Amino acid sequence: MSQATRRLHLGLMFWATGTHAAGWRLPDAREDAAFDIEFLQHVTQVAERARFDFLFLGDRLATDPRLQRTNPAQMSRLEPFTTAASLAAATSRIGIVVTANPTYYDPYSVARLMGSLDHVSAGRASWNIVTGADDIAAANFSRTEHWETGKRYDWADEFVDVVKALWDGAPSVEAPAGVPLDHDGRHFRIAGPLDVPRLPQRHAVILHAGTSDRSRELGAREADVIFAGQPDIPSAQAYYADIKQRAARYGRGEDEIAILPGLTPIVAPTTEEAVAIYDRLNAFLPLDPEEAAGEVRKGGLGRGRRRNLSALSETLGVDVRGNDPGAVVESALYGQASEAGRRLIDETARRTRRSLTGAARISYRDLIDTAGAMGAIVVGNPEEVADFIQAWFDQRAADGFNIFPAYVPGAVEAFAELVVPVLQRRGLFRLDYEGPTFRDHLGLGLPGSRRDRDQLVRL
Ligand SMILES: Cc1cc2nc3c(=O)[nH]c(=O)nc-3n(C[C@H](O)[C@H](O)[C@H](O)COP(=O)(O)O)c2cc1C
């Protein structure tokens, strides 16, 4: 795609009390937000008014008390297909992404649920394929273990193939009874045809999120959007180039696959106000008790790492235990710290505008706060946040972002009101939707049928 026509894409990651662990502590936060469908609809409408490409509903198939520390709204939630149908009825343009994990679903059900959602939403359905980070989910699905990566992706590859083939054979004007599938594969035996009529988008938009080589391959082959997690431009550029190269090997053009890292923007009219929000959120978070040497524990995905001087010492490569967490850090620490430690200090300075030498100084507590949330975070005024987004976009580290609002609804409204107009003024983001379907927002036409495509490849 030429630079002139390349457009930024924006998704909204919806965690009802925000993606910051203290998002639920702010005055306008709602502790029942995850279950109040009118509230979910309101947030989706705010995103739609700002012309976001999509609202993203992640999912987990198990609850985990450890999430209470970091994202309480993730501990219990509404089932996403049901939620999505309700959000579709309250909106008319925004794409709606539902996470459904092939490891624990079956293909006919997903083809049917997603196909129905595409009808209910008039062409705005999207399936986020994840193979699952939660090994505890296995215990809810009559399994003794969460499969290892190879098995999960062998299963997922065939699963996705079958779902797309079911959509291709869905009842249509040309074939009112549908086309039987008669799939007899390694994992699935499915007769078909699907009982849902041909989807408005033919295929729901496919998203994918994962980290392994197998995940990259599945994403490059099947996904229209990749949800990525790199925290900085160099690592995001490497990931971006790798996915686009892999996609090219499947005959797919650069513009057929959008790579959107997650980004937490903390924005306010002035830099000082934005930093004050960031500090205020972090001040709510308690520190963990210190641990004995050699016992530093790290949290898993989404559960955050331990917030104490022991864990900080690990990252810095310098033993800083015994300091008052609120004390300012000596400037000599920079020279002593590991590379990861120096990155942590630099990132803290970028977010807080404090330094090791200036009038406003970095404290140990500031470093702990940064280490607790190392994803891509930008704190600043609207122009500064837009600069950050544009830098990633221009340097091909991203085709846009999945926006993680730190607190809800305030951070969604702030981004919509303050940053989107700047991105629009710069010609980076759409002024209006160009069509009614999610595929239209992504600039994608209707997909050819899999069988046609396979035949073309054979010719
Ligand atoms: C950005 C991102 C978002 C993810 N979202 C979810 C999710 O909503 N639900 C889930 O079960 N797993 C989610 N995962 C986990 C992936 O499905 C995957 O299982 C995990 O990253 C391990 O990588 P692998 O599958 O490539 O081995 C996410 C992963 C990433 C990187």
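Predicted model: local features only at pLDDT ≥ 70, side-chain atom pairs only at ≥ 80, totals over all residues.
Residues are numbered from 1 along each chain as its sequence is written, and side-chain values use heavy atoms, with hydrogens and water left out.

So, the overall layout. The domain assignment gives us domain 1, covering 9-268 + 381-458, and domain 2, covering 272-372; those bounds come from an automatic or database domain assignment. Taken over C-alpha atoms, the two domain centres sit 33 Å apart. Where they touch, 23 residues of domain 1 are in contact with 18 residues of domain 2 (contact means heavy atoms within 4.5 Å).

Now the ligand. There are 17 residues around the ligand, and Asp59, Val130, Tyr153, Thr211 and Ser212 come nearest; to be counted as near, a residue needs a heavy atom within 4 Å. By class, that shell has six nonpolar, nine polar and two charged residues. Gly is counted as polar here, by the way.

Which atoms does Ser212 bring to the ligand? A polar side-chain atom of Ser212 lies 2.6 Å from a ligand oxygen. Thr131 also has a polar side-chain atom by a ligand oxygen, at 3.1 Å. With Asp59 it's a polar backbone atom, 2.6 Å from a ligand nitrogen. On its own the ligand has 610 Å² of accessible area, and the protein covers 85% of that (Shrake-Rupley method, 1.4 Å probe).

As for elements, helix H5 (149-168) and strand E8 (225-228) each give two or more residues to the shell, and H5 gives the most, with three. Helices here are DSSP runs (H or I) of at least four residues, strands (E) at least two, numbered from the N terminus.

Next, helix H6, residues 213-222. Seven of its 10 residues are buried, among them Leu218, Ala220 and Arg221. Buried means under 20% relative accessible area, exposed over 50%, and partly exposed in between, with a 1.4 Å probe and protein chains only.

Last stop: Asp432, in the loop between helix H14 (410-425) and helix H15 (438-441). Asp432 is partly exposed, because its relative accessible area is 43%. What does the Asp432 side chain join up with? It makes a polar contact of 2.9 Å with the side chain of Arg51; a polar contact is a pair of N or O atoms within 3.5 Å, and within protein one must be able to donate a hydrogen and the other to accept it, while residues adjacent in sequence count only if both atoms are side-chain atoms. And Asp432 is 380 residues from Phe52 in sequence, yet 9.6 Å away in space, C-alpha to C-alpha.
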